[in-house]
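Please have the sequence and the coordinates open while I talk.

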Amino acid sequence: MRTAYTTQLGKTIIGDCAEVLQTFNDNSIDLIITSPPFPLEGRKKTYGNLEGQDYINWLTDIGKIAYPKLKDTGSFVIDLGAVYNKGLPTYSIYQYRVLIKFCDDLNYHLAQPFYWHNTSALPSPIEWVNKRKLRAKNSVNTIWWFSKFPDPKANIMNVLAPYSKRMEQFISHPDEFVKDERAIRPSGHVMSKRSWAKNNSGAIPSNLLQFSNSNSNGKYLRYCKACNISGHPARFPIDVPNFFINFLTQKGDLVVDIFAGSNTTGESAETLDRRWISIELSDEYAAASSFRFCKDEDQAQKSYLSILNGQSINF
Ligand SMILES: C[S@@+](CC[C@H](N)C(=O)[O-])C[C@H]1O[C@@H](n2cnc3c(N)ncnc32)[C@H](O)[C@@H]1O
């Protein structure tokens, strides 16, 4: 295990998260937000991954190591993509097995299930969607928000969504919408102008997060191209960590990504003034993730090679 680079607020460590996590103090982490390799049955990613029960056991072991490291107010947010069973037009239910193991065996609480709709997902898998036209395209990941105790630190007012046009009209002209204050809506709600037309600067978001994953202009990809290497194949959009970091932590809190990949989480945390630690197994991915903190192509090339040569960079 070694430090690849440090920034003003964080650092990236190269190593196996199961080992690195053991070095953290108990009750020290406010938020773990991460996206592990998915158990791609019969379709190995470049970094390889386990399948079936081996995968569930591996992830459960890591969840067990993480639990005491979280503060009592802490959360563990994990993004898990949909996976088909090998050779069949049916889905694996591994995300639900992980959920049950974490809650039943490790004492995590499911604070809330979230679903990330990737609005730019391409039709896949090819066999069942594109060729045989038997299934709809996959565009939703489950994101389990686990907590150590039932009432983790959270403030939904930090992640309000923009109001719809209709809600903006309602707030500015409530009399046009509510004729009778005592009328009961079909949903059972009473539409009082005083409470419903209050401007909170945004709407309470739903647990269906809609973000596209098509950003191809960022510094990370630009410098990957300049260094003639491929970008990480399984990045999530920065909107995902931005949402949960704003929702579940405050400035100065410690955010950890245990499967950091291209370190989208580190960039998000640094921008949002949170301390952060990212852990990544692959030297190449960790070295390339430093591009997020480089000023120009020249610095990116030097930083990449230095990290691969075993040095640690300070930004
Ligand atoms: C789905 S990717 C994460 C992508 C990341 N969210 C991003 O936006 O770039 C999972 C990463 O976990 C890394 N990984 C796999 N096993 C690991 C382990 N035991 N410890 C740390 N990292 C690991 C892989 O190399 C891969 O880069």
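Predicted model: local features only at pLDDT ≥ 70, side-chain atom pairs only at ≥ 80, totals over all residues.

Let me begin with Val-256, which touches Ile-29, Ile-32, Trp-276 and Ile-277, leaving aside residues up to four places away in sequence; two residues are in contact here if their C-beta atoms, placed from the backbone, lie within 7 Å. Residues are numbered from 1 along each chain as its sequence is written.

Val-256 is one of the residues that touch the most other members of the largest nonpolar core, which has 64 residues, and the others in that group are Leu-31, Ile-32, Phe-76, Val-77, Phe-244 and Val-255. By nonpolar core I mean a set of buried Ala, Val, Leu, Ile, Met, Phe, Trp, Tyr and Cys residues joined through C-beta atoms within 7 Å. A residue is buried if 20 or more other C-beta atoms lie within 10 Å of its own, exposed if 12 or fewer, and partly exposed in between, with the C-beta atoms placed from the backbone. Helix 9, residues 239-248, gives the most to this core, with six residues; helices (H or I, at least four residues) and strands (E, at least two) are DSSP runs, numbered from the N terminus.

Ten strands make an open sheet in the order 7-5-6-4-3-8-9-2-1-10, with mixed pairing, and two strands pair if DSSP finds at least two bridges between them. At the edges are strand 7 (208-211) and strand 10, each of which pairs on one side only. Helix 9 packs on this sheet, touching strand 3 (29-34), strand 4, strand 5 (109-118), strand 7 and strand 8 (254-257), and its direction makes about 160° with that of strand 3; the axes behind that angle are lines fitted to C-alpha atoms, for helices over the stretch in contact, and angles run from 0 to 180 degrees between N-to-C directions.

Tyr-5 faces Thr-12 in strand 2 and Ile-313 in strand 10.

Is helix 10 enclosed or open? Seven of its eight residues are buried, so helix 10 is largely enclosed by the rest of the structure, and its buried residues pack against strand 2, strand 3, helix 9, strand 8 and strand 9. Thr-265, in this helix (residues 264-271), counts as buried because 33 C-beta neighbours lie inside 10 Å. The C-alpha atoms of Thr-265 and Thr-34 are separated by 7.9 Å, although these residues are 231 apart along the chain.

Which residues are closest to the ligand? Of the 20 residues surrounding it, the closest are Arg-235, Phe-259, Gly-261, Ser-262 and Thr-264, where near means a C-beta atom, placed from the backbone, within 6 Å. The shell divides into eleven nonpolar, six polar and three charged residues, with Ala, Val, Leu, Ile, Met, Phe, Trp, Tyr, Cys and Pro counted as nonpolar, Asp, Glu, Lys and Arg as charged, and the others, Gly among them, as polar.

Finally, some backbone points to check. Most residues other than glycine have a negative phi, and most peptide bonds are trans. The bond from Ser-124 to Pro-125 is cis, with omega near 0°, and Pro-125 lies in the loop between strand 5 and helix 4 (126-131). Lys-133 has a positive phi of about 55° and is exposed, with 8 other C-beta atoms within 10 Å. Asn-228, in the loop between helix 8 (219-226) and helix 9, has a positive phi of about 65°.
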